[in-house]
Structure formats: C-alpha cells, structure tokens
Amino acid sequence: MAKSARRKVKIIKYPALDLSRDNLIGYKIGGHYNGTDMFEEKGELPECPECHYRLDFQAHNPLYRQGRKRRSDLLGTYDGQGIVTKLFHDFCKEQDYANVRLLEFTNDPDHFHLVVDEPVLKLDIERMRIRFLNRCPACGNYEEILGPYPLRIMRSDVLPDGFYRSDLVFGGFSRKHPLIIIGLETGEKMEAGLKGIIFHGVYGR
Ligand SMILES: [Zn+2]
C-alpha cells in the first residue's frame, strides 16, 4: 500500500444534529459484528465479586477463532473486541503505529486482536449526555454506559496520525469496551487501503 494514498473518509452522519460547524479532529473506528464472543464461557476471566461482571475490558483469549473469512478488515465481537486481518496488521506495521497491539491467536493465524492502551482521550461527558447506569460499589464500574454519539473529546487540535482509546468503556455488563479512535490522516489512509471499516466523527471543543 502506497504511503501517500489518501481518500476522503465517509463518516456516519447524524441528521438531527448540525455538526457542520463543529470541529472534526479524528474518527472512531469499528466494524460489523462477527457473530462471536472473545470469551464465550462465564468464569473464564476474573470478575467482580459483587456485580459479577468482568474487570478487564480488553482481555485477550489466545484460543479465540473468528472462523470463516470475511471481506472486512475490521470486525467486532459481541464483547466489544476488534478483530483485524493480516492486511490491517501489515498496514499498522508499515505505518509504524508503535502503540497498537496486534495480539495473535494460536488457532487462527489470519486474524489479530486489536488493542490500544494509550494515549487515552478524555471524553467530554457534559456535552455528550452519556447515561451511566448502576455503579457497582465494589469495582466502581457501571452496569451500562450508553449513548456515546456524536463523540466529543476534551481537546481542540486535530489528532496526530495514529491510534488512541477513550477513557470510558461503553456498552453493558461484561461486554463493555473502550472506543478506538484514530487521527484524520490515519482515517484517509485506512479508507484508501482497507475495507469494511465504519467511521464515526470525533469532535473537539
Ligand atoms: Zn462490580
């Protein structure tokens, strides 16, 4: 893939909101569900003794398999984990995104688990009207965190080329997960060389 290849990124629009004057600084990336969970059995991971939900929302299962091949280079498990292809893996290596972890599966050499630990971006929870439901007093996690769109973060400059993650995890129960966010330039490169990625706009202050 040519490093100079660029293409306009198509993002999901929210017609009820006028974002035309807003400050687009990056994209959240995701994929369609692939019909599997990273961890299928309850009890495979350490869980909170009080709420009984998992405590690690990016845990890796080396025995996971996606099974049949798909056309998309990024798909999501029901428990919120990004599963990427060799092409996505090679894209990250080629572009030298050093903070992206691409974890291997013992029985599925064609796919990798996409994990980003840092840098962490602080979401603008006042402006996003996120709903936090039922905080567990033991682990401090909420049972559900809902309504992340449109995404707004607590900075105003365009995100430099690369990968980031949100400070909050979204979703519910044991299926909560952080959001993976990329720079504008990163999105253009992805749109030019990878397939099936769903982009949501990330807006600054
Ligand atoms: Zn708990």
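The largest nonpolar core here has 31 residues, and Ile-180, Ile-181 and Val-202 are the ones with the most contacts inside it. Two or more residues each come from β2, β3, β4, α1, β6 (111-116), β11 (163-172), β12 and β13. The largest share, 4 residues, is from β12.

This is a predicted model, so local features need pLDDT of at least 70 and side-chain atom pairs count only at pLDDT 80 or more, while totals for chains, interfaces and linings use all residues. Residues are numbered from 1 along each chain as its sequence is written.

**Terms, quickly**

- A residue is buried if 20 or more other C-beta atoms lie within 10 Å of its own, exposed if 12 or fewer, and partly exposed in between, with C-beta atoms placed from the backbone.
- A nonpolar core is a set of buried Ala, Val, Leu, Ile, Met, Phe, Trp, Tyr and Cys residues joined through C-beta atoms within 7 Å.
- Helices (H or I, at least four residues) and strands (E, at least two) are DSSP runs, numbered from the N terminus.

**Around the core**

- In soluble globular proteins, nonpolar side chains tend to be buried together.
- Leaving out residues up to four places away in sequence, Val-202 touches Ile-25, Gly-26, Tyr-27, Lys-28, Leu-151, Ile-153 and Ile-181 (contact means C-beta atoms, placed from the backbone, within 7 Å).

- Helix α1 spans residues 86-94, and its Phe-88, Phe-91 and Cys-92 are buried. They sit on the same side of α1, because they cover an arc of only 95 degrees around the axis (the arc is that of the directions from the helix axis to the C-beta atoms).
- The cover over those α1 residues includes β3 (74-76), β4 (82-85), β5 (100-104) and α3 (184-193).
- In α3, the buried residues include Thr-186, Gly-187, Lys-189 and Met-190. These cover an arc of only 165 degrees around the axis, which puts them on the same side of α3.
- Among the elements covering the buried residues of α3 are β2 (24-30), β12 (177-183) and β13 (198-203).

**An open sheet with a helix across it**

- There is an open sheet of 4 strands in the order β3-β4-β6-β5, with antiparallel pairing (strands pair if DSSP finds at least two bridges between them).
- β3 and β5 are the edge strands, each pairing on one side only.
- On average, neighbouring strands of this sheet are turned by 35 degrees against each other, direction ignored. Axes are lines fitted to C-alpha atoms, for helices over the stretch in contact, and angles run from 0 to 180 degrees between N-to-C directions.
- Inside the sheet, β4 and β6 pair in the antiparallel sense over 4 bridges, and Thr-85 stands opposite His-111 in β6.
- α1 lies across β3, β4, β5 and β6, and runs at about 85 degrees to β4.

**A hairpin that is hardly covered**

- Strand β8 (residues 131-135) has 5 residues, and the count of buried ones among them is 0.
- Its partner is strand β9 (residues 142-146), paired with β8 in the antiparallel sense over 4 bridges. Across the pair, Phe-132 stands opposite Ile-145 in β9.
- The hairpin of β8 and β9 has 6 residues between the strands, and Gly-140 there takes a positive phi near 80 degrees.

**Cys-48 and its surroundings**

- Cys-48 is in the loop between β2 and β3, and counts as partly exposed because it has 15 C-beta neighbours inside 10 Å.
- Cys-136 is 88 residues away along the chain, and the C-alpha atoms of Cys-48 and Cys-136 are separated by 9.1 Å.
- Setting aside neighbours within four places in sequence, Cys-48 is in contact with Tyr-53, Leu-55, Cys-136, Ala-138 and Cys-139.

**Backbone geometry to check by eye**

- Most residues other than glycine have a negative phi, and most peptide bonds are trans.
- Asp-96 is not a glycine, yet has a positive phi of about 65 degrees. Asp-96 lies in the loop between α1 and β5, and is exposed, with 9 other C-beta atoms within 10 Å.
- Phe-173, also other than glycine, has a positive phi near 60 degrees. Phe-173 is in the loop between β11 and β12, and with 13 C-beta neighbours inside 10 Å it counts as partly exposed.
- A cis peptide bond joins Glu-118 and Pro-119, with omega about 0 degrees. Pro-119 belongs to the loop between β6 and β7 (120-121).

Methods. Contact = placed C-beta atoms within 7 Å.
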